[in-house]
Amino acid sequence: MSAWPIEPSVGIPVAIAAVVYLRGWSRLRQRLARRFRARHAVVFLAGLATLLLVLSPPIEALTLRWLSAHMVQHLVLMMVVAPMVWMGAPVVPLLVGVPRPIRGVVLAFTNGRVGRRLTRWLVHPGVGWCAFALSFWIWHVPALYELATGSDLWHHVEHACFLVSALLFWRPVILAWPARAIWPRWTMIPYLALAMAQSMPLAAILTFSDRVIYAGYSSVDDQALAGVIMWVPGSLPLLFPLLRLTVELSSGRLAIKGQHA
């Protein structure tokens with residue numbers, strides 16, 4: 001356990017993000033009240049609070065003892081924090097909330113040739129899906145997993161990879177304003193389904209393996225529990241939006257058929 005209830009390397013950036021967001025949100029709220037509602041600020045700040053909680057020193061101590069706790073931490077980062085951040089529609093509030101000189105630099109870069117290409121590449125759904133899957137599998141390779149658990153620096157790098165890749169992944173699903181769909185909306189159904197499927201082999205390996213895979217953990221039962229957590233609760237945040245999209249698209253098609261009947 002640490003004397004700090006909140007890790008400073010996490011708490012300081014999160015506090016800055018909260019202040020900048022609220023500054024921009026309050027300004028936009030005066031002009032675009034229908035676009036930026038109170039629920040956006042609430043869910044964004046709740047996402048940041050969840051991030052602080054899941055990366056707090058007491059939780060980190062548990063993750064070093066139990067693989068199942070570590071699995072919960074990773075799933076919360078990728079399946080809870082990232083979508084909550086997007087549901088706060090953060091792009092414009094964060095841009096408006098930063099000081100003008102910084103805003104000018106950001107706008108100049110994103111409007112430049114290199115910036116536009118980089119932005120288009122980063123927001124592409126294919127890039128988001130691949131980043132999500134690669135981050136998930138790479139950091140569960142035993143050698144890299146043990147590197148992260150044995151080094152504070154690499155542990156932070158691991159968490160940053162999980163969060164950033166999850167933000168890229170969830171962007172085309174949530175489409176927070178002013179984002180526009182690059183792929184047809186129906187493609188988000190296989191997009192989410194394949195994301196669920198790609199994690200199942202690793203979940204099965206952890207659940208049914210008769211030996212401990214990661215050094216530092218001694219319990220096969222704890223490892224099996226981690227696999228079950230990845231398999232069942234870890235799939236629900238992907239399953240719920242998949243079902244919602246299916247219902248919405250089916251209802252839309254039925255409505256169109258009814259109009260033509």
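This is a predicted model: local features need pLDDT of at least 70, side-chain atom pairs count only at pLDDT 80 or more; totals for chains, interfaces and linings use all residues.
Let's start at the end of a helix.

Now α10 itself. The helix covers residues 152–174, 23 residues in total. From first C-alpha to last it reaches 32 Å, close to the 33 Å expected at 1.5 Å a residue. At its start, a side-chain oxygen of S151 comes to within 3.4 Å of the backbone nitrogen of L153.

Which residues of α10 are buried? Among them are H155, E158, H159, F162, S165, A166 and F169. In an α-helix there are 3.6 residues a turn, so residues three or four places apart point the same way.

On to the rings. The structure holds 11 aromatic pairs. Take F36 and W177: edge-to-face, 5.7 Å centre to centre, 80 degrees between the planes. F36 sits in the loop between α1 and α2, and W177 in the loop between α10 and α11, so this pair ties together parts 141 residues apart in sequence. F36 is buried, at 0% relative accessible area. W177 is partly exposed, at 34%.

Next pair: W139 and W154. Their ring centres are 6.5 Å apart and the planes stand at 50 degrees, so the pair is tilted. W139 belongs to the loop between α8 and α9, while W154 is in helix α10, so parts 15 residues apart in sequence are tied together. W139 is buried, with 7% relative accessible area. W154, at 37%, is partly exposed.

Last, a cluster. F132, F169, W170, W183 and Y191 form one aromatic cluster. Two of its members, F169 and W170, are buried residues of α10.

Technical notes:
Residues are numbered from 1 along each chain as its sequence is written. Side-chain values use heavy atoms; hydrogens and water are left out. Helices (H or I, at least four residues) and strands (E, at least two) are DSSP runs, numbered from the N terminus. The expected span of a helix is 1.5 Å times one less than its number of residues. Buried means under 20% relative accessible area, exposed over 50%, partly exposed in between (1.4 Å probe, protein chains only). A polar contact is a pair of N or O atoms within 3.5 Å; within protein, one must be able to donate a hydrogen and the other to accept it, and residues adjacent in sequence count only if both atoms are side-chain atoms. Rings of Phe, Tyr and Trp (its six-membered ring) pair if their centres lie within 6.5 Å; planes under 30 degrees apart count as stacked, over 60 as edge-to-face and the rest as tilted.
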